[in-house]
Amino acid sequence: MADFFVKTSAPVSELPQNDRPKMFLFGTPSYTNMGDQAVSLAIRKYFELEFPQYQFIEIMDYDTHAGIKAVKEIINARDIVGYTGGGNLGSLYTDIEEGRREVFKTFTHNLTISFPQSIHFEKNDYGEKELKLSQAAYASNPNLVLFARDAQSFRRMQKAFDNHVRFTPDMVLFLEPRILKLKRQGALFVLRHDGEKVLTESFITTLKDVLAKEGPVERTDTVLENPAKITPVTRERLFEEILEKIASQEVIVSDRFHAMVFSVLTQTPCLLFGNSYGKGKHAYYDWLENVKWIQYTDETDLGRITTQIDDLKKAPVHDFELRANFKDLDRLLQAHTAKFN
């Protein structure tokens with residue numbers, strides 16, 4: 001697990017003070033979106049494997065202010081500041097964006113990394129206001145590097161911000177595939193319930209009824225109802241549980257970006273539908289179009305959809321390699337590390 005994660009009112013003396021260079025990851029989610037939990041887990045595992053010389057320290061999302069104060073007391077030039085990745089950079093999740101701004105404009109003398117994100121600022125007065133606030137905060141940090149996890153976000157970040165922008169897959173795709181030899185049965189609908197949802201309930205019900213003729217059908221989400229909060233101590237077990245749930249299905253039908261990613265990791269056939277601004281669609285075509293058991297669709301005709309699902313169930317499992325696509329992140333960290341060796 002991470003060496004340390006800041007708890008509310010944690011004294012500075014509890015932070016590790018030693019000669020090791022440190023990676024401070026802010027924004028570690030306590031909420032129960034397992035996609036975002038998997039991102040933070042994957043960032044930790046990336047450092048453990050690729051840059052083990054760094055002491056990896058996580059600051060929970062609800063402790064951003066306390067964490068900033070504590071880290072300021074011990075940080076030095078070798079240390080790196082990061083903000084966790086996902087799909088929440090923009091005006092849809094301003095509580096998270098506000099924390100991100102505070103971190104970026106505080107640690108302006110350190111390498112600061114925004115781990116791979118999708119970006120979406122709404123095209124209205126509110127979205128424009130939030131974009132200007134983010135632009136001002138990001139511009140104050142000359143050492144900030146933004147990573148986009150899809151080409152659409154890469155272009156949007158380049159247009160919106162003057163910071164360095166680089167292109168890397170979602171961090172969860174760094175993880176090793178799981179060979180879980182479970183009996184597969186039925187279809188699992190993994191569907192959002194938030195403002196990004198575009199599929200109608202009538203369409204979902206009709207498709208469920210069609211697939212129910214062939215086997216059991218269940219509906220869930222990557223956002224868990226329990227527990228109320230997740231920590232770096234509990235998240236890996238919950239992550240493994242959701243992978244086992246995915247791997248026990250004949251097919252996944254989803255509009256969740258990370259349901260697609262979990263299906264990639266477990267070699268589970270998955271048909272992905274879109275969300276309100278296309279983050280899953282663009283990531284699919286950027287990185288996963290050649291994975292034969294995954295497909296993206298904008299189709300609405302039930303006959304064609306069921307044909308797609310039947311084809312997915314027959315798709316062969318094959319090797320795929322995405323780790324080489326993390327080279328921009330590798331090179332950034334290698335160059336930073338070399339400066340102090």
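Two strands count as paired when DSSP finds at least two bridges between them. With that in mind, let us walk through this model, which is a predicted one.

**A covered strand and its neighbour**

Strand β2 (residues 22-28) and strand β3 pair in the parallel sense, and five bridges join them. Within this pairing, Phe 24 has Ile 57 of β3 as its bridge partner. Strand β3 spans residues 55-60 and is mostly covered, with six of its six residues buried. In a regular strand the side chains alternate between the two faces of the sheet. Which residues of β3 sit on each side? Gln 55, Ile 57 and Ile 59 are on one side, Phe 56, Glu 58 and Met 60 are on the other, and both faces are covered.

Asp 19 lies in the loop between β1 (4-6) and β2. Asp 19 counts as exposed because its relative accessibility is 69%, and the cut-off for exposed is over 50%.

**Salt bridges**

A search of the whole structure finds 23 salt bridges.

| Glu 58 | Arg 235 | 2.6 Å |

Let us take the pair of Arg 235 and Glu 58, whose side chains meet in a salt bridge. This pair links distant parts of the chain, with Arg 235 in helix α7 (residues 235-247) and Glu 58 in strand β3, 177 residues apart. Are these two partners buried or exposed? Arg 235 is buried, at a relative accessible area of 1%, and Glu 58 is buried too, at 0%. Both count as buried because that class means under 20% relative accessible area.

Asp 194 lies in the loop between β9 (187-190) and α6 (201-212), while Arg 256 lies in the loop between β11 (251-254) and α8 (257-266), so the pair ties together parts that are 62 residues apart in sequence. Asp 194 is partly exposed, with a relative accessible area of 26%, whereas Arg 256 counts as buried at 6%. Both also belong to a network of salt bridges that links Arg 192, Asp 194, Glu 196, Asp 221, Arg 256 and Lys 279.

**A positive patch**

Arg 155 counts as exposed, with 52% relative accessibility.

**Two backbone features to look at**

Most residues other than glycine have a negative phi, and most peptide bonds are trans. Where does this chain depart from that? The peptide bond from Asn 226 to Pro 227 is cis, with omega near 0 degrees, and Pro 227 has its place in the loop between β10 (217-220) and α7. Gln 267 is not a glycine, yet its phi is positive, at about 55 degrees. Gln 267 is found in the loop between α8 and β12 (270-272) and is buried, with a relative accessible area of 12%.

Definitions and conventions: Residues are numbered from 1 along each chain as its sequence is written. This is a predicted model: local features need pLDDT of at least 70, side-chain atom pairs count only at pLDDT 80 or more; totals for chains, interfaces and linings use all residues. Side-chain values use heavy atoms; hydrogens and water are left out. Buried means under 20% relative accessible area, exposed over 50%, partly exposed in between (1.4 Å probe, protein chains only). Helices (H or I, at least four residues) and strands (E, at least two) are DSSP runs, numbered from the N terminus. A salt bridge is a side-chain nitrogen of Lys or Arg within 4 Å of a carboxyl oxygen of Asp or Glu.
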